[in-house]
Every structure is written in structure tokens, then in C-alpha cells.
Amino acid sequence: MSVSERLTSALDRRRFLQRGGIIGGIAATFPAWADSYIDLDLPGGPDRRELTTAFPQKGQMIVQRTRPPLLETPWNVYDRSVFTPNDRFFVRWHWAVIPEALDVTAFRLAVRGHVNQPLSLSLPDLLSMPHVDLVAVCQCSGNSRGLFQPRVSGAQWQNGAMGNARWTGVRLRDVLDRAGVKAGAVAVRSSGLDNPVTEGAPKFMKPLDIDHARDGEVMLAFQMNGEQLPLLNGFPIRLIVPGWYADYWVKMLALLEVLDAPDENYFEKTAYRVPDTPHASVKPGQTGFKTVPVSRLVPRSFFTNVTDATTVKPGAVVPVRGIAFGGDSGVLRVELSADDGRSWQPTDLGRDEGRYSFRQWSTQITAPRSGALTLQVRCTNTNGEAQPAEPSWNGGGFMRNVIERVQLNVV
Amino acid sequence: MAISASAIARGAGATAGVILLAIAIPTRSIAQPAPVAESPPPTTASSSVTGGGVTLHSVSLQFPRTDHFFPGGSGANAINNDCLICHSAGMVLDQAKLSRADWQIEVEKMRDPFKAPFPAEDIPTILDYLVNIKNVMSQSASRQPDTKHGAVIVAQGTAAGAPPCAQCHAFNGVSDASGAFPRLAGQPAFYLAGQLRDFASGVRASAIMSPVAKALSLDDIADVTAYFAAIEAPFLPLKPGDRALVNRGEELAKAGGPEGLHCDNCHGPGGSGEPPVIPYLSGQYAHYITFTLQMWQEGFRKNSPDAMAVIAKKLDDKDILAVAAYYQQVNSPLKAAAK
């Protein structure tokens, strides 16, 4: 076993609390199908979540909510590859009415609105169009919400509401061109087969500006890492919006509406909005600021083989690695600091899978003779944007991208 | 409607036969809650499409259900009844400590714009619960239900005067082919317990069940409902309903009427239920579904004023017969033959 594997397995032992002995007081809230529990280390808690393999087409996942499903990727998955396996890819649904069966011969994608020719496209229609593929990070805008301080309401994710995959599909532009977008179109609104339980509740929908929709990168994916998508990740087709947060990546995509006026639906006009301020940050309690929809991803980097629980020997040479992404552009550099951010040293970048992909970084650091070894990692993207040293804050718990820090124990 | 009184009389008269039926069914089993070792394999239908070197296969699967609810006894009744229709309890219980004002924003968002069907009068009760969640959680190491004691009540009744449930519902909770009494086997314990409490209080009025429920203690209710919830019982091979009626019922169940609201929205795909609050309808007796919808319409059942009472009033007599006929045959062993 390599040093890094030992570190990872120590991490697993610490974080994966076995079921026995702790269920008494919480039995009323955890289903029988939980395998074990994980501690997400959220400031102030509660941070215990069940781990389960009970969701179809998914491996072991952290349950944030059973219905509608919110499933988080366990952290050790990110150390294995820059590609997140389909069966470990995070899951997030807004409404509980989600089809549990889907007949590929009957499925149709409707294209309508401000177009010359409304379309009803079958899957064979889509599969017969030119294919494109692209590697891109899909990250929930509320990823890491549970780490906000002061804490905010919403899904209490740790850092696992993100994943990276190779997406294969057809360009949204090609689909729109088949319908013929009329002059005066301003946006394309996407919605899926999921529905609210109650009458009159707003259906989940997200729009893209018409030029963005036609940029040739936005695609309708029918494959993820070379396989059809798991149903919970949006089978049979999902919108891929490279460099943008996952709320735009509409799952089980069934309708494209070309609009001739700005979209005012609830999930664009009211929900998924952030302060129009640097780093989308305001002071807790602050009011009176302008808001804008969540949109472009911002750069992040993470440690994947060391945590606050990692122990190293005095003077040992410690391999340290992780993943980074540039957000709406590529990774320019990833740097490590062992002196509280006073100086930064470069790290080695792994294979470049494309500007929107996770990229592995790695380096080595020598542990001090005694005390703690505190490390920070910082990504700068090819637009020159670097992660901030101070955490941003907003009431929605969106867009966290502060420089990550770990404190290894030297004994 | 003719079915209510006459069917109940018929069912009550058939008590002896019901008990014999229960004894004659050897396949009753109590489900053991066991951790799932691996993901259930999706039943991939045989159909597929191919193009450009890519093949996609149809998928049919089932998401896991949870029958867990907000702990805390009667103080949690409002949050359980009002909130679990649309979402499970876990994410709410996992929030960091929030102020009453913060919770109020969340709860009001659920009513509008999210249209959760509960009355504004429930909001203070729900907020009381939410601001106190951490205390409730730490004190909720409550008594576990005793299914063996539940089985004794089902077979023998109670000293306080409750008759054996098996007289009408059969020892395995399948009741009987008259359809006068609902099938209880596998129904969520939380749902069943809520109904018993409502029978006792009169929120759900029933000449038969109200005195029975009043003769059960809260522990009796917990035990007997846990017993019925754990049973996996077979479905009776009932005579298939009229095909046109079943088809119309399926349409209402899956796609809804003119307003688009359909039964499966809340009751789950094929009416399979959404524990812990929403009962299954699949395999429930048509007579019982018909009777219950009429009770909603006529106001004898008052324990879902903002959802079922409203919905039932939108259905006409033919719609009611149709959805009832559809759900009865969903799990029938004769279903395939009827097609």
C-alpha cells in the first residue's frame, strides 16, 4: 500500500462510522436501508448523514434527502480519478414527481415557441445528428453550503455536490437550427419530465440567453462517461452548459421553449439568485443589494488525499494531491502554501482533459519537526481569476470557492 | 350511493369467513428491515434505440421509500401531515439551528409559491416544532413499537374492549373480497396510526372505527400499526373490473383530469404510496376507495381538508368508480389475464 493509499484508508475509517451503537436516538429519522453513517464535519452540525446503496443505478452515496433525492458524492471518490463515475455522481432534484420508467422508443423532445417549425424529436432523431463530446464539471451552485458561517438554510452539502464527466451528445445549436429560431428570440428555456407534487407550484425551468444557447458548446447529452445517463442524473438527455452551475443543466430534458421576451419563471427571477457584488458576497443581515441569477462557475481546488485527520511523521516527505477546476475557463496554475498564505509554491498539473474539466494537481511537502502542518491550495484560472482567501457569504449559500485549508498532525 | 351501507353490512356478516380466509393463507410474512447490500438492479426493458453508434435502453426502476417521519409525538402531527406530502424529513432535521424568523420564511415559501396544501393556522405549530428541533431530536429515543403485542391485539382485541382487528381486516391485513374494509397490510404505520387517532377524535367519523380506536391506547396504536405495516401479504384474485372503466381510471390516476392533477402525483407511481404519510392505493379494494372518496366529498372525513377534500369534490361519480376500478387491479394476479 502506498503512503497515499494508507492516508486515504485512515480517512475512510475515521469518517465512515459503522451503524452499530449510534442509532438509538435517531432511529426515528433514518431508514432501514442505510448501510452506515458518515460525519461531514459541518461547523456546528448536525453533520451525520447516512450512506446508502439503495438508490437504483447508484453506488454508495451520502443521503442528504430521500424524496426528492439529494445524494452527495463521498469525498474519497475524488481521489481516484478526475472522472467521477456515473454511479457515484451527485444527484439533486427539486420536485418529487420523477418518472421511474422511461421508454426510449416513446420519448420525445419538444422544441417550440419563437421558431419557424415546432419539433417533436425522438431519440433516434437526436442520435442521427452530429455527435460532439466534451469533459465538463457539473457543480451545484449550493455545493459546500453546509460550510457557510453563519450557516444558511437549504441542502446542507459538504463539498460533494459536484462531478466531472465526459459528455456525449448533440449541440443545442444544431437542434435549434432544425427548428429555425425566429428573429427577435432572446432566450431558450429548458424543462424536464419532473413535476411538482402540488397544483400550481412552479415547474423547474432554466433559461439561457439565445446567443449562449447557440454557442456550439451547450449540448444535449445522451451519454456520460461513455454510458447512458443514470435515470437520477437525467436519463435520457440532459442539458450540458459547460462552465455554468448545474441548475442550468436540466435533467430528463423534454421541452425547449424559444422565448421572445426575458424569462420570468420562479427559478430564474426569484430562486437561484446571488448578490451582484464581488464574489457574490454580502454581510449577514445586509439588505438592499441588487441580485443576479447564479451563472458562471468560479475556480476551486481541493485536497483529496489528506485531511485534518491525516497524521504524518516529523520531517517526512508527504505526497499531497487533489483536484482543481477553473470554472468558466481552464486551470492556469494550482499553488500550495505551507506558511498561512505568505508564500506559494507551484504544483504539477495532471493531464489536461479540457478547459471545463477537473484537473489533478500534485506535489510533495516536507513535514516540520513538530507541531502541525497547515496547507492551503489555490487555483488561478486562465482568465486570471484566483480563489479568494476569505470566504464569501450570501443568504442562499451559493458559489463558495474560498481557498481550502487542511491541518495535518505531525507526530 | 348504494355501496356504503350495504357493503359494510355484507362485510360485517362475513366475519367468520374472513377469519377462515386468514388461516388459509400460509404465505404471510413479516418483512425484516435489513440493510440493502447492493443497488437494486434496474429492470431494463427490452426496448432500445440506436443511432450514430450509440444505443440507449429503456429503464424501469424504483426509488427507495422511507417511512420515517418527524419525531416528537403529537407535537409533530402538523409537520408530519403537512410537509411529508412533498418531501421527506431528513433535510429539514439536518438544518443548522435557524431562528424562528428564518424558519418562517421557509414555511411560508412552502405554502406560496410552492402551494403545499396546508392551512395557515398550522404555521405557528410547525414553527414551534422547527425552532425546538434540536431538543426533540435529543429526547426522541422513544419506545420502539412491539409488533408481537400488535399481533395479539389483531387476533384477540384488548382488555379495554377493542375487538380483534382480524374480525374485519383479517389477521394478515388483507381484509376480504367484499371491499367493505380496506386492505391494511403494508400500509405505512405512521399513516395507519394517524387514522386511528382521527377515528378516536372524530376528525374521521366512522360508526364502526371510532369506538374501536377509542378503546386503543397510544402504545396499542403504535404496536398494531407497526404490525400491519410490516406484513407483505398477497393480493386477492378478484374479478377484473370493466376494461373501459379501468382505462379511464388509469388516465385519471396518471395524467389527471382537465386540471392535470393526478392521483399518482401524491400516491406514487401506480399508487404505490409515499410513506410515511401517503397510503398506497395499488391493490386497495375498489369499494373502499369509492366509499372513502364519497366520505371526503360529503365531509365525514375531515383529516385532509386542503388536499383530499378538495380533490374528491372535483371528481364525479363515474370518475370515482373509474379510479377505484383502476387501483384495485394494479396488483391483481389476474391483471395480465384481463388485458
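Student: What makes a residue count as being in contact with Q64(A)?

Tutor: Contact means heavy atoms within 4.5 Å. Leaving aside neighbours within four places in sequence, Q64(A) is in contact with L40(A), R49(A), L70(A), E72(A), Q156(A), W157(A), Q158(A), G90(B), M91(B) and D94(B).

Student: What kind of model is this?

Tutor: This is a predicted model, in which local features need pLDDT of at least 70 and side-chain atom pairs count only at pLDDT 80 or more, while totals for chains, interfaces and linings use all residues. Side-chain values use heavy atoms, without hydrogens and water; residues are numbered from 1 along each chain as its sequence is written, and chains are lettered from A and ligands numbered from 1 in the order in which they are written.

Student: Where is Q64(A) placed, and why is Q64(A) called buried or exposed?

Tutor: Q64(A) sits in strand β4 (residues 61-65) of chain A. Helices (H or I, at least four residues) and strands (E, at least two) are DSSP runs, numbered from the N terminus. Buried means under 20% relative accessible area, exposed means over 50%, and partly exposed lies in between (1.4 Å probe, protein chains only). Q64(A) has 2% relative accessibility, so Q64(A) counts as buried.

Student: What lies 2.9 Å from a polar atom of the Q64(A) side chain?

Tutor: The backbone oxygen of Q156(A) does. For a polar contact, the rule asks for a pair of N or O atoms within 3.5 Å; within protein, one must be able to donate a hydrogen and the other to accept it, and residues adjacent in sequence count only if both atoms are side-chain atoms.

Student: How many residue pairs in polar contact does the rule find across the interface of chain B and chain A?

Tutor: It finds 22 residue pairs, both residues at pLDDT 80 or more. Among the elements of chain B that each supply at least two residues to the side touching chain A are α5 (100-111) and α7 (133-138). By class, that side has 32 nonpolar, 19 polar and 10 charged residues. Ala, Val, Leu, Ile, Met, Phe, Trp, Tyr, Cys and Pro count as nonpolar; Asp, Glu, Lys and Arg count as charged; the others, Gly among them, count as polar.

Student: How much area do chain B and chain A bury between them?

Tutor: About 5,200 Å², with 61% of it on carbon and sulfur atoms. Buried area is the accessible area (1.4 Å probe) that two parts lose on being put together, summed over both. The contact takes 61 residues from chain B and 65 residues from chain A.

Student: What makes E199(A) and K314(B) a salt bridge?

Tutor: A salt bridge is a side-chain nitrogen of Lys or Arg within 4 Å of a carboxyl oxygen of Asp or Glu. The closest N and O atoms of E199(A) and K314(B) are 3.5 Å apart, and the pair forms a salt bridge. The rule finds four salt bridges across the interface of chain B and chain A.

Student: How many salt bridges are there over all chains?

Tutor: There are 30. One of them joins K206(A) and E268(A), with closest N and O atoms 2.9 Å apart. K206(A) lies in strand β13 (residues 205-209) of chain A and E268(A) in helix α5 (residues 266-269) of chain A, so the pair ties together parts that are 62 residues apart in sequence. Both K206(A) and E268(A) are buried.

Student: What separates K109(B) from E106(B) along helix α5 of chain B?

Tutor: Three residues, about one turn of the helix. Their side chains meet in a salt bridge (3.8 Å, N to O). E106(B) has a relative accessible area of 18%, so E106(B) is buried. K109(B) is at 28%, so K109(B) counts as partly exposed.

Student: What is the phi of S144(A), and why is S144(A) called buried or exposed?

Tutor: Phi of S144(A) is near 75 degrees, a positive value in a residue other than glycine. S144(A) has 0% relative accessibility, so S144(A) counts as buried. H279(A) also has a positive phi, near 55 degrees. H279(A) is partly exposed, with a relative accessible area of 40%.

Student: Which kind of peptide bond joins R67(A) and P68(A)?

Tutor: A cis bond, with omega about -15 degrees. P68(A) is in the loop between β4 and β5 (70-72) of chain A. In chain B, the bond from P275(B) to P276(B) is cis, with omega near 5 degrees.
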